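This report describes selected strands, helices and residues of the structure shown below.

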Amino acid sequence: MARRPRIHYPGGLYHVIARGNRGLKVFREDRDYRLYLKFLEEYKERYGFLLYAYVLMPTHIHLLVEVREVPLSRLMQSLQFRYTKNYNLRYQSWGHLFQGRYKAILCEKDSYLIELTAYIHLNPVRAKLTKDPSEYPWSSYREYLKGGKGELADSSFVLSQFSDIKGRAVREYVRFVEGQMPMGHREELYRLRDQRFLGDEGFIDRVVTDRKDGPSYIYDLPIQELVGHVSTVFGISVETIWSMSRNRAGAWGRAIIGYLGRWLCGYSNKYVSDYFNRDPVTVSRGVAKVEERTRWDKEFETKLQRLEEEITRGRRRKIRN
């Protein structure tokens with residue numbers, strides 16, 4: 001299958017993976033890791049991107065980057081070329097250090113940002129380089145443990161999804177990451193659409209629409225009304241949706257509300273989780289399950305589409321920021 005061209009999407013979240021040529025090491029000594037991070041910091045200041053997470057492994061690199069106006073390609077070409085040049089000079093080698101072109105996955109931020117930071121931070125654990133991700137020196141996990149202030153990684157937004165109180169946010173994030181340890185390799189984080197996208201069809205449509213400079217709309221709809229509509233159409237009582245028990249029907253109802261709220265109203269998972277006094281990661285996973293079900297359950301997808309039409313009919317709308 002032919003390679004798809006890269007997409008530059010200002011504000012887009014990219015999971016970047018660069019591997020050593022023929023599986024060889026790209027970092028031999030500690031000073032190699034430090035040099036790469038030094039270059040990364042310099043380009044971050046120059047190009048103004050956000051770096052939510054990173055890990056430098058002996059044979060490959062993971063970066064989680066949100067770009068601004070400067071394309072990701074400019075960052076990666078500059079970074080990889082400069083590091084390769086220094087590496088070859090230091091070790092008297094030649095040729096390509098990295099394997100082909102790097103992989104850049106454009107990800108749906110609301111659904112995957114938190115999950116991806118944990119996945120990246122656990123790379124050294126999966127590779128059996130350490131049992132504790134905080135002991136690995138070449139990732140952004142330690143920066144998260146410090147609360148992120150003045151560090152290379154931009155951890156504040158991710159931590160804020162757990163709590164507005166820094167200490168509590170760090171503790172909750174650590175608990176979340178530790179809870180991911182038994183999961184191992186996450187194949188679903190590599191299950192791409194069109195070889196480039198991690199997200200549902202709505203996300204891809206929005207990217208394509210925005211790149212064509214067409215307006216993307218949201219509707220002025222209180223979340224209380226969404227609760228009522230979902231309760232009626234899906235037969236889940238409002239009391240069940242609000243219940244603090246581990247009721248599956250209630251969780252499913254909140255997930256549908258989160259899904260509709262995001263696409264129709266621009267609500268973040270954090271907003272929905274705060275409204276129901278729930279964990280944002282749980283809400284994010286629930287929304288992802290709704291998206292997944294629309295891919296194989298056509299009856300469910302049709303019911304959602306009809307509900308969207310009913311909710312938005314005659315409703316005032318505005319351009320999404």
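Leu 51 has Val 65, in strand E3, as its bridge partner. Strand E2 (residues 50–56) and E3 (residues 60–66) pair in the antiparallel sense over six bridges; strands pair if DSSP finds at least two bridges between them. Three residues lie between E2 and E3, and the two strands form a hairpin. Strands (E, at least two residues) and helices (H or I, at least four) are DSSP runs, numbered from the N terminus.

Seven of the seven residues of E2 are buried, so the strand is largely enclosed by the rest of the structure. Buried means under 20% relative accessible area, exposed over 50%, and partly exposed in between (1.4 Å probe, protein chains only).

## Basis of the model

This is a predicted model, in which local features need pLDDT of at least 70 and side-chain atom pairs count only at pLDDT 80 or more, while totals for chains, interfaces and linings use all residues. Residues are numbered from 1 along each chain as its sequence is written, and side-chain values use heavy atoms, with hydrogens and water left out.

## Helix H3

Helix H3 (residues 109–121) has 13 residues and reaches 17 Å from its first C-alpha to its last, close to the expected 18 Å; the expected span is 1.5 Å times one less than the number of residues. H3 bends by about 25° at Glu 115, the bend being the angle between axes fitted to the seven residues ending there and the seven starting there.

Of the 13 residues of H3, 11 are buried, so this helix is largely enclosed by the rest of the structure. Among them are Glu 115, Tyr 119 and His 121.

## Glu 291

Glu 291 is located in helix H13 (residues 280–296) and is buried, with a relative accessible area of 0%. Glu 291 and Gly 199 are 92 residues apart in sequence and 8.4 Å apart in space, C-alpha to C-alpha.
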